[in-house]
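Reader: Before I rely on the labels attached to this entry, I would like to see what each of them rests on. Could we take them in turn?

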Amino acid sequence: MPAIIQAMRESIIKQGGEVHFNSRLTDLKIENNKIKAVQINSADWKNSTHLILATGHSARDIFELLDSKK
Ligand SMILES: Cc1cc2nc3c(=O)[nH]c(=O)nc-3n(C[C@H](O)[C@H](O)[C@H](O)COP(=O)(O)OP(=O)(O)OC[C@H]3O[C@@H](n4cnc5c(N)ncnc54)[C@H](O)[C@@H]3O)c2cc1C
């Protein structure tokens with residue numbers, strides 16, 4: 001499993017993605033149904049057009065955030 005996770009991370013980085021450890025997605029900017037930016041730890045905004053959302057089935061805050069952006 002660790003090798004699989006490491007390979008996934010390396011693949012994301014190879015394709016120009018970023019991985020932020022110990023960071024929390026706290027908000028999203030969406031325009032015309034497309035992601036424009038993500039907010040990390042209620043502070044930094046990072047422009048981004050793609051997002052891998054894998055917060056598990058108990059992340060109520062994320063479901064509420066997504067619901068509020070409809
Ligand atoms: C007690 C227990 C025992 C289990 N035992 C087994 C087992 O033996 N075998 C099995 O196959 N499955 C087991 N499961 C189920 C398994 O743990 C889950 O199915 C699996 O972990 C789900 O993976 P996931 O990546 O979707 O979510 P998670 O593993 O929950 O990962 C979600 C991650 O997202 C992070 N996150 C949440 N919100 C944010 C945010 N806003 N910004 C950034 N990050 C965020 C969380 O911190 C977490 O690290 C068990 C579950 C529990 C609770």
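Author: What follows sets several labels against the criteria behind them, bearing in mind that this is a predicted model.

Reader: What makes up the protein chain, and in which pattern along the sequence?

Author: The protein chain contains 2 helices and 3 strands, and read along the sequence these follow the pattern α-β-β-β-α. Its C-alpha atoms fill a box of roughly 35 × 25 × 20 Å, taken along the principal axes.

Reader: Why is Ala-43 called exposed?

Author: A residue counts as exposed if 12 or fewer other C-beta atoms lie within 10 Å of its own, and Ala-43 has 8 such neighbours, so the label exposed applies. Ala-43 sits in the loop between β2 (34–40) and β3 (44–47), and its C-alpha atom is separated by 8.6 Å from that of Thr-26, which is 17 residues apart from it along the chain.

Reader: How do you know that the span of helix α1 agrees with its number of residues?

Author: The expected span is 1.5 Å times one less than the number of residues; for the 13 residues of α1 (residues 2–14) this gives 18 Å, and because the end C-alpha atoms are 18 Å apart, the two agree. After α1 comes Gly-16, with a positive phi near 95°.

Reader: What makes α1 a hardly covered helix?

Author: To be buried, a residue needs 20 or more other C-beta atoms within 10 Å of its own, and among the 13 residues of α1 the count of buried residues is 0. For the protein chain with its 70 residues, 1% count as buried.

Reader: How do you know that β1 and β2 pair, and in which direction do they run?

Author: Pairing requires at least two bridges between two strands, and 6 bridges join β1 to β2, which run antiparallel; within this pair, Lys-29 stands opposite Ala-37 in β2. The open sheet of 3 strands has the order β1-β2-β3, with antiparallel pairing. β1 (25–31) and β3 are the edge strands, each of them pairing on one side only, and the twist from one strand to the next averages 25°.

Reader: Which residues surround the ligand, and how does the shell divide?

Author: Arg-24, Leu-25, Ala-54, Thr-55, Gly-56, Ala-59 and Ile-62 surround the ligand. The shell divides into 4 nonpolar, 2 polar and 1 charged residues, where Gly is counted as polar.

Conventions
Residues are numbered from 1 along each chain as its sequence is written. This is a predicted model: local features need pLDDT of at least 70, side-chain atom pairs count only at pLDDT 80 or more; totals for chains, interfaces and linings use all residues. Helices (H or I, at least four residues) and strands (E, at least two) are DSSP runs, numbered from the N terminus. A residue is near a molecule or strand if its C-beta atom, placed from the backbone, lies within 6 Å of it. Axes are lines fitted to C-alpha atoms, for helices over the stretch in contact, and angles run from 0 to 180 degrees between N-to-C directions.
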